[in-house]
Amino acid sequence: MAEVPDEDKNPEDEFQDMIREILSGNSGVDPSKLAGAAGLPNDPASLQAMMMQFQRAMQQSSDGEINWNVSTEQAVEIGRKDAVSITPAERSQLDQAFHVAELWLAEVTSFASLTSSPRALSRAEWSKATMPLWTQLAEPVATNISNALTTVLKEQAPEQLQDMIGQATRMIKSIGGTMFAMQLGQVVGQLSTEVVSGGDVGIPLLNDEAALIPQNVAAFGEGLDIPDDQVQLYLAVRELAHARLFRHARWLRLHVISSITAFAQGIRIDTDAIEELASGFDPSNTEELREAMTNGSLIPPKTDEQLAALERLETTLALIEGWVDVVTAEATSRLPKADAVAETVRRRRATGGPAEQAFSTLVGLELRPRRLREAAAMWRTVTEAVGSAARDSLWQHPDLVPTSADIDDPAALVARLEAAARGETPEPDEFDMALEDLLRTEHEANSGETESDGTDTPPDEPPAVP
């Protein structure tokens, strides 16, 4: 006898039962393939962790919020694999490198030392310390994907499932967000095995703190035929220069993060791509879902507004990295193998690691600025012309920071700085003249409204009666 459906059962409970069947493998969907869709390795521990995360998402679906602790747990777990403990000797060696780096930087920049001591971090510690910013950058995209997923499911689901889907929306968002959080955790965890420091990816992940990852620093130096102490010292100088800049220019970190967040919030998910994926989706082939989430196909081409915002952001990142390059080169001029280490840094930065490329497709944002070489050349020109103090003064306020036009024409920037040093008033540019014309026009219009030739009737008096 066929089982009679329980008409009193909540549609959301039915949806939970369906998800539990999927996770248990009783629905024809292999849990190991779901793990592949989430970017997890196919092993019992990962499968168990995935099922626990989905169960937790189902239990916490009342608000539909993404549980970003999933990302931290995933990243920390990856960071702990093949981890090498930091020995007291390594800590002492890095402390010495940071000490010398502080002395060398004091000779080439006016920016003050950090108030906190630089740290030696393990890969797992780096993941945990930087995850708050990663999730802040990724949240707009994750939210958009979850919203788009529920929209498509409502539109594509058969009529008999509409009630179930409609009342389980928050749960669907939570589960979709959990899968995205797992993906982010995988990316950040892999990044922790590639980066050498807190500022290695160019954005202020650790605020104005400085840190090196000894295990990755050692891997960086392998095969370079450069003494380890020189590699450590060069990277310590770079890291301290990056942190000093953000400590001095307090506005800069918020400016960078706000720019990235504004760009990410403008990202829209291609619902047509999701519909196409859903219409031909084979539950036994979840690799298709994983590929769609990691290859960037769900994020449509950037709009003109996004391209403009991205160009401004890239200019800022290029100015930051270019300044760090120039200051580091000056500070390490007495280091015999400095040029060789610098070239290795440039090659790594030009290509980017696998995890960095994954973040680019996951969030739609490349972390490496394209105009870095031109920005560095501009900073060198400015330094040679007006000195390091005048160069560094440009970071005091956002209005003083060089623009993309200054990168194109460093000579014009140098001319303005030299004129300012002589106390000369700079020649007004097109913007200044346009603003002056606008203010003059408004002033004349306002003056015309208030002037009277003596024949007009005062506005507060009634018209004269003939």
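1. In this predicted model, helix α10, spanning residues 228–248, packs against helix α11, spanning residues 250–265, at an angle of about 100°, and their axes lie 4 Å apart. Since angles of 65 to 115 degrees count as roughly perpendicular, α10 is therefore roughly perpendicular to α11. On the α10 side the contact is made by Leu245, Phe246, Arg247 and His248, while α11 contributes Arg250, Leu252, Arg253 and Val256. Sorted by class, the contact of α10 with α11 comprises 4 nonpolar, 1 polar and 3 charged residues.

2. Helix α11 itself has 16 residues and reaches 24 Å from its first C-alpha to its last, which is close to the 22 Å expected at 1.5 Å a residue. Its buried residues are Trp251, Leu252, Val256, Ile257, Ile260, Thr261, Phe263 and Ala264; of these, Leu252 and Val256 also belong to the contact with α10.

3. Helix α10 also holds histidine 242, which has a relative accessibility of 6% and therefore counts as buried. Once neighbours within four places in sequence are left aside, histidine 242 is in contact with Gly199, Gly202, Ile203, Pro204, Ile320, Glu321 and Val324.

4. How many aromatic pairs does the count come to? The count comes to 4 aromatic pairs. Among them is the pair of tryptophan 126 and tryptophan 134, which is tilted, with 6.5 Å centre to centre and 55° between the planes. Tryptophan 126 counts as buried because its relative accessibility is 0%, and tryptophan 134, at 0% relative accessibility, counts as buried too.

5. Tryptophan 379 and tryptophan 395 form a pair whose ring centres are 5.5 Å apart and whose planes meet at 25°, so this pair is stacked. The pair links distant parts of the chain, given that tryptophan 379 lies in helix α17 (residues 372–393) and tryptophan 395 in the loop between α17 and α18 (404–408), 16 residues apart. Tryptophan 379 has a relative accessibility of 0% and so counts as buried, and tryptophan 395, at 1% relative accessibility, likewise counts as buried.

6. Threonine 383 is also placed in helix α17. Is threonine 383 buried or exposed? Its relative accessibility is 15%, and because buried means under 20%, threonine 383 counts as buried. Not counting residues up to four places away in sequence, threonine 383 touches Val326, Glu330, Ser388 and Arg391.

7. Alanine 142 is found in helix α6, which covers residues 123–156, and with a relative accessible area of 0% alanine 142 is buried. Its C-alpha atom is separated by 6.1 Å from that of glycine 177, although alanine 142 and glycine 177 are 35 residues apart along the chain. If residues up to four places away in sequence are not counted, alanine 142 touches Ile66, Trp68 and Phe180.

8. For the protein chain as a whole, the secondary structure comes to 20 helices and 2 strands, and buried residues make up 46% of its 466 residues. Of the contacts in the protein chain with a separation of 6 or more, 82% are accounted for by residues 24 or more positions apart.

Definitions and conventions: Residues are numbered from 1 along each chain as its sequence is written. This is a predicted model: local features need pLDDT of at least 70, side-chain atom pairs count only at pLDDT 80 or more; totals for chains, interfaces and linings use all residues. Side-chain values use heavy atoms; hydrogens and water are left out. Axes are lines fitted to C-alpha atoms, for helices over the stretch in contact, and angles run from 0 to 180 degrees between N-to-C directions. Angles under 35 degrees count as roughly parallel, over 145 as roughly antiparallel, 65 to 115 as roughly perpendicular and the rest as oblique. Contact means heavy atoms within 4.5 Å. Ala, Val, Leu, Ile, Met, Phe, Trp, Tyr, Cys and Pro count as nonpolar, Asp, Glu, Lys and Arg as charged, and the others, Gly among them, as polar. Rings of Phe, Tyr and Trp (its six-membered ring) pair if their centres lie within 6.5 Å; planes under 30 degrees apart count as stacked, over 60 as edge-to-face and the rest as tilted. Buried means under 20% relative accessible area, exposed over 50%, partly exposed in between (1.4 Å probe, protein chains only). The expected span of a helix is 1.5 Å times one less than its number of residues.
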